[in-house]
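Dear colleague,

Please find the structure below, together with a short account of what was found in it. I would be grateful for your reading of it.

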Amino acid sequence: SRVMKHMTSLRTILFSILNSFASLFWCFFFIVFVQYVFAVIVVSGAASYFDEPGVEGSDVGTNLKLWWGGVYRAMVTLFMTITGGVDWSDALA
């Protein structure tokens, strides 16, 4: 009987955590969506940079391909810079 009194509070905590997963999912979805939109914008700008002749072998072109070479790579770069894995100065150099 005494154990069940403590289990009600544990059950309340567990139900609160489980019911908050839907909100957590939508938060992550929104963050990924915003990263996707910005990745598409940055990749579009990088692609227009490569339209000019003679920029293929330059240092800027190499860094653009390394950090912003596609939508997936741009999303990973954005995630790394936002979370502190890579400095912005390295990704923009």
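Gln35 lies in helix 2 (helices are DSSP runs of H or I with at least four residues, numbered from the N terminus). Gln35 is buried, with a relative accessible area of 10% (buried is under 20%, exposed over 50%, partly exposed in between, with a 1.4 Å probe and protein chains only). Leaving aside neighbours within four places in sequence, Gln35 is in contact (heavy atoms within 4.5 Å) with Met75, Leu78, Phe79 and Ile82.

This is a predicted model, in which local features need pLDDT of at least 70 and side-chain atom pairs pLDDT 80 or more, while totals for chains, interfaces and linings use all residues. Residues are numbered from 1 along each chain as its sequence is written, and side-chain values use heavy atoms, without hydrogens and water.

Helix 2 covers residues 21-49. Besides Gln35, its buried residues are Ala39, Val43 and Ala46, and their cover includes helix 3 and helix 4.

Met75 touches Val32, Gln35, Tyr36 and Ala39, residues up to four places away in sequence not being counted.

Phe29, also placed in helix 2, is partly exposed, with a relative accessible area of 46%.

With kind regards

Definitions and conventions: Helices (H or I, at least four residues) and strands (E, at least two) are DSSP runs, numbered from the N terminus.
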